[in-house]
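Here are some questions on side-chain contacts, each worked through to a value or a name. Take a look at the model first.

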Amino acid sequence: MMNKYELLNRYKQGERDFSGVNLSGEDLRNIDLSCANLQNVNLKGVFLNKANLSNANLSCANLQNTNLENTDLSNANLQLTDLQDSNLKGANLQDSNLRFSNLRNANLKFSNLCNANLYKANLFKADLKGANLSNTNLS
């Protein structure tokens, strides 16, 4: 298991591949992990409010019950990611790939899903009130 300080230190030194890392329970608010490879990471229950995860690869990641309020996930790869019960209120998901992702019971109020790909995503009981769905693929 990696902690927040080790992650930040390695990221500042130029490392971008953190695939498979367990960061569950960490407080990563306001963190900048843009362009990071976070494939298969465990971020269950993590606070990622206002984080910058733009252009990050979060495919197959566990983000259940994660707080991603006002987080930048633009151009992120979230394919096959588990976002069940997560808070994505006000998140920027523009141009993101959410194919086959699990967004069951997710809070997506006022999020920006413009040009996002939600092909075969599970949106059961997801709250999309006020969300921008312009050009979003919902098929």
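Q: Which residue with a positive phi follows H1, and what is its phi near?
A: This is a predicted model, where local features need pLDDT of at least 70 and side-chain atom pairs count only at pLDDT 80 or more, while totals for chains, interfaces and linings use all residues. Residues are numbered from 1 along each chain as its sequence is written, and side-chain values use heavy atoms, with hydrogens and water left out. Helices (H or I, at least four residues) are DSSP runs numbered from the N terminus. After H1 comes Gly14, with a positive phi near 105°.

Q: Which residue caps the N-terminal end of H1?
A: Look for a side-chain oxygen by the backbone nitrogen of Tyr5.

Q: Is the aromatic pair of Phe100 and Tyr119 stacked or edge-to-face?
A: Rings of Phe, Tyr and Trp (its six-membered ring) pair if their centres lie within 6.5 Å; planes under 30 degrees apart are stacked, over 60 edge-to-face, and the rest tilted. A search of the whole structure finds 1 such pair. The centres of Phe100 and Tyr119 are 5.5 Å apart and the planes stand at 90°, so the pair is edge-to-face.

Q: How many residues apart in sequence are the parts that this pair ties together?
A: Phe100 lies in the segment after helix H1 (4-12), and so does Tyr119. The pair therefore ties together parts whose separation in sequence is 19 residues.

Q: Which ring does the charged end of Arg16 sit over?
A: A charge sits over a ring if NZ of Lys or CZ of Arg is within 6 Å of the ring centre and within 35 degrees of the ring normal. For Arg16 the distance to the centre is 3.6 Å. The ring belongs to Tyr11.

Q: Which residue meets Arg29 in a salt bridge?
A: A salt bridge puts a side-chain nitrogen of Lys or Arg within 4 Å of a carboxyl oxygen of Asp or Glu. Arg29 also lies over the face of Phe47, 4.4 Å from the ring centre. Its salt-bridge partner, at 2.9 Å from N to O, is Asp27.

Q: Is Lys129 buried or exposed?
A: Lys129 forms a salt bridge with Asp127, with closest N and O atoms 3.7 Å apart. Buried means under 20% relative accessible area, exposed over 50%, and partly exposed in between (1.4 Å probe, protein chains only). At 54% relative accessibility, Lys129 is exposed.

Key. Helix = DSSP H or I, 4+ residues; strand = E, 2+ residues; numbered from the N terminus. Polar contact = N/O pair within 3.5 Å; in protein donor to acceptor, adjacent residues only side chain to side chain.
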